[in-house]
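This report goes through a structure one topic at a time. Keep the sequence and the 3D view open while reading.

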Protein chains: 2
Amino acid sequence: MTASDDDRLARVALSRLTEPGDPRIAIAVAELGAPRTREFLSDERQLDPSARDVATRLKGLDPAADLERAARLGLRYVVPGDPEWPSQLDDLHHSELLDQRGGPPLGLWVKGPTRLDQLARSVAVVGSRSATTYGTEVAAEIAAVLVRAGHPVVSGAAFGIDQAAHRGALGVEGANVAVLACGADRAYPTAHRDLLDHLARTSAVVAEVPPGCAPTRGRFLSRNRLIAALTRGTVVVEAAARSGALNTASWALRLNRMVMGVPGPVSQAQSEGVHQLIRSGAATLVTRGDEVLEVVGDVGTHLTSPPRAEARRRDALGPREQRILDAVPFARPAGVDSVATTAGLSLVEVASGLRRLLRLGLVESSPQGWRLTAAAQE
Amino acid sequence: MTASDDDRLARVALSRLTEPGDPRIAIAVAELGAPRTREFLSDERQLDPSARDVATRLKGLDPAADLERAARLGLRYVVPGDPEWPSQLDDLHHSELLDQRGGPPLGLWVKGPTRLDQLARSVAVVGSRSATTYGTEVAAEIAAVLVRAGHPVVSGAAFGIDQAAHRGALGVEGANVAVLACGADRAYPTAHRDLLDHLARTSAVVAEVPPGCAPTRGRFLSRNRLIAALTRGTVVVEAAARSGALNTASWALRLNRMVMGVPGPVSQAQSEGVHQLIRSGAATLVTRGDEVLEVVGDVGTHLTSPPRAEARRRDALGPREQRILDAVPFARPAGVDSVATTAGLSLVEVASGLRRLLRLGLVESSPQGWRLTAAAQE
């Protein structure tokens, strides 16, 4: 057995024993390495009496058999040092804890052809499980634009926004990765089994907890840190005031990732948390995929032009015609003399200018005089 | 005639002769004073031949008669130096031009009991004429909260958001001021005659152009600078990509006033301009009246707490119960032993903890084991 295999087996064993995101384990592994941490925890004499069952449980594990079983399920275990290891996860070494969780994962269980080191440009699209139709449509559009531009989409395969993000990216060739709070062999929610099977066939399903593990609230919180850490930025599409998506956004902020939020009606609870993120300055407001690209893209590659109403005929006018147009009333029609007085121009100039504006559809003429058309008023 | 009367009459005459926001007049008046500017423009010999008609027109004016006619209509002319002069308008002396417009007004025609020097804490609520029901509801709520908190509301009496802001503030005692692009004696749009009459009776209708003048596009642009300059901040509720409300926001930015924007669905054209303002960092996102108060209020007087979902039962749990709850699966039920392993606690502790969580409605028990309730999952 090579040293590397030793490390991998120790990590499998430790991940069976401990909860994901336990910072004590992350620190021990960083200090001692995984094999020595495993040894230490296997030695009853070194442990506090209250923790002796840890040693007993650790001895009962068979990580080599675990890896074999996982391989039969189509899963591989990716650990630091593997060529596929996504090095951006190492940022978790240095970030503060959140909800007493933190640290890089011991390893990641992966099912699917996408290599994790291909996720350097990935973007998370997350949000409320009880999403609105509006939110799911925006999430799908953003995800499709991201993947088309070569940014893998990462989400959590939950109902609502997560599902919409994965589905939005389905039609486009590119990586579309689900990170789960349960084992990567399981389907949670079960209604998403087909979706998860598809992602595992075409891209990747990823988990920190070993195969077979059930999702718990704590595991969701730890999973959120991985979604934030794997990606270059997190887009929150809808999130109520205490939604789990805000937890992902908090992780992204701690990790100096970009945080973006999609606004919605202020009357909708699902947008409250997003508005709060934008209002506080934590998130950049984005309204569509290409605005997300501008935030997460490589410098200078994606510059959106601000949305403009169709360039109006008015823009083609010279300064004198502009001045005449400015002098034509909105409401009651005015005579040429009155327009000339307002514009401070001669009657002749104004009369010929008005005829040009008439041809452009910007003013209209009646027996009572001249006034702006509806088209000129917007 | 006192020097002050002389100044007032000169301003009336100049305002009849020139368009509002003409920076050349503002500069001349600032340098020479209004009476000497009037004299200068009345002297044909001093003017370029092309401007000789200015002198002729100026001589034909009778500002004293103008003031008398205005007084009969219930209008007064407020000029710099009057006790009622809103000194915040003097900021216009120093601001850059926008659309070749700028400078403080020569004076303001006012109809109504509200004194203009009471507008130091006022806030503008403006937006699209083609507003949505959503937008008008939010505008009305914000205006009502502002006036109730002692912040006069200023708007432009246009259709849509302006109207909604004025109407929202109607039910509350306090100042509710319309600034028009036409004479303060006129009703534009005519459909708002009753609204404007009401505002003139109970608060104030204000205009830079003399009585009788019609609204023109140029006068709307100049009017927008007054709305921005009179107020402490501008709230844009809805604005399409090139809406006039964005022009008011640009003036507010130039004048170092606060700019706020209400988000809406990204699919709605009426919110596009607002989203752009927020996205660019020009505007702060606000979702309701008390968030506006936080921005425009005196320091420390209005601190909103971020919207929170109702504090959940979970928050009352101790750390050990929290840990047990975190270990209960979402999906398939788990036995007490499995929960205990995940939580890293003894069977006895977990069994008694689960019973407490059951009473709190956070977990449910079945023959298959324990799982989270729907209530615990959000």
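## A loop residue of chain B

Leaving out residues up to four places away in sequence, Arg115(B) touches Arg76(B), Pro83(B) and Glu84(B); contact means heavy atoms within 4.5 Å. Between Arg115(B) and Pro83(B) there are 9.3 Å in space, C-alpha to C-alpha, and the two are 32 residues apart in sequence. Arg115(B) sits in the loop between β2 (108-111) and β3 (123-126) of chain B. Helices (H or I, at least four residues) and strands (E, at least two) are DSSP runs, numbered from the N terminus.

Is Arg115(B) buried, exposed or partly exposed? Its relative accessible area is 35%, so Arg115(B) is partly exposed; buried means under 20%, exposed over 50%, and partly exposed in between (1.4 Å probe, protein chains only). The side chains of Arg115(B) and Asp117(B) make a polar contact at 2.7 Å. A polar contact is a pair of N or O atoms within 3.5 Å; within protein, one must be able to donate a hydrogen and the other to accept it, and residues adjacent in sequence count only if both atoms are side-chain atoms.

## How the model was treated

The model is predicted: local features need pLDDT of at least 70 and side-chain atom pairs pLDDT 80 or more, while totals for chains, interfaces and linings use all residues. Residues are numbered from 1 along each chain as its sequence is written, chains are lettered from A and ligands numbered from 1 in the order written, and side-chain values use heavy atoms, with hydrogens and water left out.

## A buried arginine

Arg225(B) belongs to helix α9 (residues 217-230) of chain B. Arg225(B) counts as buried because its relative accessibility is 0%. A polar atom of its side chain lies 2.7 Å from the backbone oxygen of Gly103(B). Beyond four places in sequence, the residues that Arg225(B) touches include Gly102(B), Pro104(B), Glu208(B) and Trp251(B).

## An enclosed helix

Helix α12 (residues 289-296) of chain B is largely enclosed by the rest of the structure, because six of its eight residues are buried. Among these are Glu291(B), Val292(B) and Leu293(B). The buried residues of α12(B) pack against α11 of chain A, and also against β3, α6, β7, β8 and β9 of chain B.

## Where the chains meet

The contact between the chains involves 56 residues of chain A and 56 residues of chain B. Together the chains bury about 5,100 Å², 50% of it on carbon and sulfur atoms. Buried area is the accessible area (1.4 Å probe) that two parts lose on being put together, summed over both. In chain A, the residues that lose the most area to chain B are Arg217(A), Arg242(A) and Arg279(A).

There are eight salt bridges between chain A and chain B. A salt bridge is a side-chain nitrogen of Lys or Arg within 4 Å of a carboxyl oxygen of Asp or Glu. Arg279(A) and Glu294(B) meet in a salt bridge, with N to O at 3.1 Å.

## How the copies are related
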